[in-house]
Amino acid sequence: MNTTHVWLSILEGCLLAALGLHILNSAGYLISGTAGLSFLALHFSDLSFGQIFFLLNLPFYLLAWQTLGWRFTFRTFISVIFLSGLSELMRLYVTIEMNPILASAFGGMLVGFGLIILFRHNSSLGGLNILAVYLERKFNIHASKTMLGADIVVLILAFYVLDGPSLAFSFLAFLVLSSIIGRYHKPHEAVVVTPSLIEAEKS
């Protein structure tokens, strides 16, 4: 596949995900995985969402490097940088006000399709996305199942931060995202990682 095509697709996936996250953050709702943890951390830190998201992803790169190869790790690292930068730009220059139900549905949908694009181009948004890809490729556990489990953990933590309506709309966003991943993500379409491929990428 043409390298320019791959990186344009990755940028497009990050743009969709960043827009979805910005819609959710603007409404005060959560989204899954590391992004959800980053949003929760905003309540206890002076850092911005993009800064926290970047920092939380750092420990997961070792898992990706050792188990999924350098190409996946590098593309994921660049994707996280793209998302963090785009999130900062949207925070400064993009104002969005939407109906609560539309915000949660559109936000979850945009993040879901952004992740689909990234998964199909051997990338992710780091953090728990890396774990989801690893479990899928190693143990054939569909990524949507891992992400739904992560969503439940984030939602439990959110009980200490969000009110009832915000939790309900966040849960709707979780369901939409998980549904998108479950219906449109086909594991066989991603690059299959074998021991020989990992060794080749490390060399």
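Between which helices does the loop that holds Leu 125 lie? The loop runs between helix H6 (100–120) and helix H7 (128–139).

## Basis of the model

This is a predicted model, in which local features need pLDDT of at least 70, side-chain atom pairs count only at pLDDT 80 or more, and totals for chains, interfaces and linings use all residues. Residues are numbered from 1 along each chain as its sequence is written, and side-chain values use heavy atoms, with hydrogens and water left out.

## The chain as a whole

The chain contains 10 helices and zero strands. Helices (H or I, at least four residues) and strands (E, at least two) are DSSP runs, numbered from the N terminus.

A compact globule of 203 residues would have a radius of gyration near 17 Å, and the chain agrees with this at 16 Å. The radius is taken over C-alpha atoms, and the globule rule is 2.2 Å times the number of residues to the power 0.38. The C-alpha trace spans about 50 × 30 × 30 Å along its principal axes.

Of the 203 residues, 49% are buried, where buried means under 20% relative accessible area, exposed over 50% and partly exposed in between (1.4 Å probe, protein chains only). Contact means heavy atoms within 4.5 Å. Among contacts between residues at least 6 apart in sequence, 78% join residues at least 24 apart.

## Leu 125

Leu 125 counts as buried because its relative accessibility is 6%. Leaving aside neighbours within four places in sequence, its contacts include Cys 14, Ala 17, Phe 53, Thr 76, Leu 83, Leu 115 and Leu 118. Asn 57 is also in contact with Leu 125; the two residues are 68 apart along the chain, and their C-alpha atoms are separated by 8.5 Å.

## Helix H9 and its packing

Helix H9 (residues 164–184) has 21 residues and reaches 30 Å from its first C-alpha to its last, close to the expected 30 Å. The expected span is 1.5 Å times one less than the number of residues. Among the buried residues of H9 are Leu 167, Phe 174, Leu 177 and Ile 181. The cover over the buried residues of H9 includes helix H1 (3–27), H6 and helix H8 (143–158).

The axes of H6 and H9 come within 8 Å and cross at roughly 30°. Axes are lines fitted to C-alpha atoms, for helices over the stretch in contact, and angles run from 0 to 180 degrees between N-to-C directions. The residues of this contact divide into 17 nonpolar, three polar and one charged. Ala, Val, Leu, Ile, Met, Phe, Trp, Tyr, Cys and Pro count as nonpolar, Asp, Glu, Lys and Arg as charged, and the others, Gly among them, as polar.
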